[in-house]
Amino acid sequence: MSEYVLELNGITKTFPGVRALDKVNFKLKAGEIHALMGENGAGKSTFIKVITGVHAPDEGEIILNGKVVDIKNPNNAQAMGIAAIYQHGNVYPDLTVTENIFLGHEKIEKWTKRILWNEMHEDAKKLLDELGASFEPKTKMGALSVAQQQLVEIAKALSSNAKIIIMDEPTAALSRRESEELYRITEKLRDDGAAIIFISHRFEDMYRLASRVTVFRDSNYIGTWKVDEITNQNLIMAMVGREISQLFPKKQVELGEEVLRVEGFSKAGYFADISFAVHKGEIVGLTGLVGAGRSELCQTIFGIMKPDSGSLLLNGKEIKVNSPVDAMNYGIGYLPEDRQRQGLVLSWGIGENITLPILEKFSKSSGLDVKKERAYAKLLAEKVDVKANSIFTLASQLSGGNQQKVVVAKMLAADLKIIILDEPTKGVDVGAKAAMYEIMSDLASQGYAIIMISSEMPEMIGMSDRIVVMRNGRISRIINREDATQEKILEAAMSTAGKKS
């Protein structure tokens, strides 16, 4: 009897012009949470699709419970006890929770062939109760939060008696509290005997849950280590193929004059009496626990929402920002947290996305100067180092890190002085993070004033000149770079308002 419930040996998968997996190996034990890490494009997605029967491997073998198997399709994988839970789940928002859980394997009366709804609702209720869910089986899926929808996906896996569960970036869209709840459920699944492959960009996920970690890079298997025996530095080097001796390449920039001042900003239900300034060449970090009001504050500065009171001063003069168009005209840009829905037109090419805010610059009497527009888009895409075949590549085909770079290039196309970055490295791998930090540091050295919202404390400390900590919609503390520690930030985020340093 093999100690592994799943083994992949020498798996290769090639698509036209691309080798997505090149002789990769992986071994999974029963009752184990095994982390799989690697940059975007490392082969993780193809790896999942091979295990779940979406793609057949060109070479190599898959061994399930000691026997070589041929996983022909997703239904075949499900029958073998394999299930995958994706970051963006395949949910049907207009169907109920019960319908989503049992879709494709409904309980049907043998002779009449009618669906046994009462039995399915009862079974769904049991599964949800086991997972600690607070919603009912007859709730419409579209009424649930992302975290609740993931619970349904886990219940769906359990309803099909899955013994091998693949979780693909499950914490990427979750708050810290929701992530902790997911950790609890994942550990319970492990303790009940499930074998779990946990794919994540976040080191905290790996350290919190996994006993072993496997790294893929450039479609190749790099190695497998016990989590408590590999350092952060060695793990990063395994993932990106080089040592990132300084993940945060913050350049020393002599700060210029004050560019933007927020004075007494308030918005009922979101934030109150917010005052701070940002100078030319400065990166001001804005942090706090979920619900502190960070994003809402910056959306108000950008004109998405209107403040109830307070004022904005640009270069010492008060301005009125009633819309994002006003903000852009004043030289204020905003990179949203949800780049896919709010920052990009995914069905458009890279170039079209970049020049969207400034199309009037390329207009002429006969229409659009397409040649000039494309040349400018190409210049900006190269400036931020977007990795793609051409500016005609669709935004939807890019990795998360490259999508983020396109949004930055789009902002650079406009004549901006102040850039607001809302969670600029959320959901991207460590290599893409380093590239984004390099871009931010270069922008600051060029004189841009930057406000950066982030929930990651190492990022906040590594990149900020000053850190504005918010709690319950108010500023709790402003901390200078030289004084910043994780302990001080956490204390300010969880303590009473009013302290500054």
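Q: Where is the place of Arg-339?
A: This is a predicted model. In it, Arg-339 belongs to helix α11, residues 339-343.

Q: How far apart are the C-alpha atoms of Arg-339 and Ser-363?
A: They are separated by 27 Å.

Q: What is the mean pLDDT of the chain?
A: The mean is 87, and 96% of the residues reach 70 or more. Over residues 496-501, however, the pLDDT is below 50. That stretch has 17 contacts in the model beyond near neighbours in sequence. Where pLDDT is low, predicted coordinates should not be read in detail.

Q: How many residues has helix α14, and what span does it reach?
A: Helix α14 covers residues 400-413, which is 14 residues. The expected span uses 1.5 Å times one less than the number of residues. From first C-alpha to last, α14 reaches 20 Å, close to the expected 20 Å.

Q: Why is α14 called largely enclosed by the rest of the structure?
A: Buried means under 20% relative accessible area. In α14, 14 of the 14 residues are buried, so the helix is largely enclosed.

Q: Which residues cover the two faces of strand β16?
A: In a regular strand, side chains alternate between the two faces of the sheet. In β16, residues 332-335, Ile-332 and Tyr-334 are on one side. Gly-333 and Leu-335 are on the other. All four are buried, and both faces are covered.

Q: What makes β16 and β19 a strand pair?
A: Pairing needs at least two bridges. Four bridges join β16 to β19, residues 418-422. The two strands run parallel. Gly-333 stands opposite Ile-419 of β19.

Q: How many bridges join β11 to β12?
A: Six bridges join them, and pairing needs at least two, so they pair. Strand β11 is residues 258-267, strand β12 is residues 271-279, and they run antiparallel. Lys-267 has Phe-271 in β12 as its bridge partner. The two strands form a hairpin with three residues between them. In the turn, Gly-269 has a positive phi of about 90°.

Q: Which residues other than glycine have a positive phi, Asp-218 and Asp-385 among them, and at what values?
A: Asp-218 has a phi of about 50°. Asp-385 has a phi near 60°. Asp-218 lies in the loop between β9 (212-217) and β10 (220-226). Asp-385 lies in the loop between α13 (370-383) and α14.

Q: Why is Thr-12 called buried?
A: Its relative accessible area is 0%, so Thr-12 passes the under 20% cut-off. Thr-12 is found in strand β1, residues 4-15. Beyond four places in sequence, Thr-12 touches residues including Arg-19, Leu-21, Pro-57 and Glu-59.

Q: Where does Glu-282 lie, and which residues is it in contact with?
A: Glu-282 lies in the loop between β12 and β13 (283-288). At 2% relative accessibility, Glu-282 counts as buried. Leaving aside neighbours within four places in sequence, its contacts include Leu-255, Tyr-448, Asp-465 and Arg-466.

Q: What makes the charged end of Lys-27 sit over the ring of Tyr-4?
A: One condition is a distance within 6 Å of the ring centre. The charged end of Lys-27 is 5.6 Å from the centre of the Tyr-4 ring.

Q: Which residues form one aromatic cluster?
A: Phe-26, Phe-47 and Phe-216 form it. Rings pair if their centres lie within 6.5 Å. By this rule there are five aromatic pairs.

How values were computed
Residues numbered from 1 in each chain as written. Predicted model: local features only at pLDDT ≥ 70, side-chain atom pairs only at ≥ 80, totals over all residues. Heavy atoms only, no water. Buried < 20%, exposed > 50% of the residue type's maximum accessible area, 1.4 Å probe, protein only. pLDDT = per-residue confidence, 0-100. Contact = heavy atoms within 4.5 Å. Phe/Tyr/Trp six-rings, centres within 6.5 Å; stacked < 30°, edge-to-face > 60°. Lys NZ or Arg CZ within 6 Å of the ring centre and 35° of its normal.
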